[in-house]
Amino acid sequence: MSVREKAAAAVRELLGNEKSMHDWEHSVRVCKTALRLCRAENGDEDIVALAALLHDCDDYKVFGPENAAKLTNARRILDESGADGKTAAAVLEIVSNLGYSKYLSGVQKLDRNGHIVQDADMLDAMGAVGIVRTIVFNAVAGSGRFFDPEMFPRENLSRETYQSKSKNEETAVNHMFEKLLRLRGLMYTESGKREAEIRHRTMTAFLEAFFRERELDGWLDYLRRFA
Ligand code: ADP
Ligand code: NI
């Protein structure tokens, strides 16, 4: 087994049962997308694949603050998979800098390989897959309310306001407006931008159909801002 295969098996062992949408399948999808971007962007395939596979292995919400700070699982898996020191260091540097909040607060320091993985992780929140993840997250860990026609999305979310609203009052549709329909503008790489455009249109087509079926002209107008 290659280093990558060993790491993939270890991630499956760790996240195989994780129900919080940070599951094994998310890691595999991000890895696949990241490798596709990597070929177009001339990144390092080993670093990109390992960082993508390991990026959620020490997630704060799942494994707590100590793991998140020390990257305990990622370090262990890199070690046990036999990654060389230089590759492991590059992977850990990327994993410790990934994430939407870090991006928004401007503290993200990533090189080209990191940009590829960050784009791939954001792309997995978009498109058809992103719609499904949002609905499942909303039902399992959020408010359980898909949509409220009286509650329009918030504008200009700073990091503070993004985190201030409890997920218990947020609808799945508003999560799409407040976060997912803004990701297109946050892509680092050219190939990420192209894929984001396609996935963005998948989401707006879905929302347009949803509002049209319910004859909600105010929401159809609002949606046009995101065309
Ligand atoms: P990642 O950065 O790996 O995509 P997140 O923890 O940000 O992971 O979110 C996991 C998934 O759940 C994403 O698809 C995200 O869009 C969705 N999600 C996060 N918060 C909410 C929410 N409040 N309502 C609905 N879906 C959400
Ligand atoms: Ni992720």
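Me: What counts as a donor to a metal?
Reply: Donors are N, O and S atoms within 2.8 Å of the metal (3.2 Å for Na, K and Ca), and since water is not among the atoms, sites may look incomplete. In this predicted model, His26 (NE2), His55 (NE2), Asp56 (OD) and Asp121 (OD) coordinate the nickel ion (ligand 2) at 2.1 to 2.4 Å. Along the chain, the donors of the nickel ion follow the spacing H-x28-H-D-x64-D.

Me: Where do histidine 55 and aspartate 121 lie?
Reply: Helices are DSSP runs (H or I, at least four residues), and strands are runs of E, at least two, numbered from the N terminus. Histidine 55 is in the loop between helix H3 (45-54) and helix H4 (60-70), and aspartate 121 is in helix H8 (residues 112-123), so the pair ties together parts 66 residues apart in sequence.

Me: Is histidine 55 buried or exposed?
Reply: Buried means under 20% relative accessible area, exposed over 50%, and partly exposed in between (1.4 Å probe, protein chains only). Histidine 55 is buried at 9%, and aspartate 121 counts as buried at 18%.

Me: Which residues make the contact between H12 and H13?
Reply: Contact means heavy atoms within 4.5 Å. Thr204, Leu207, Glu208, Phe211 and Arg212 of H12 meet Trp219, Leu220 and Leu223 of H13.

Me: How should I read the numbering and values?
Reply: Residues are numbered from 1 along each chain as its sequence is written, while chains are lettered from A and ligands numbered from 1 in the order in which they are written. Local features need pLDDT of at least 70, side-chain atom pairs count only at pLDDT 80 or more, totals for chains, interfaces and linings use all residues, and side-chain values use heavy atoms, leaving out hydrogens and water.
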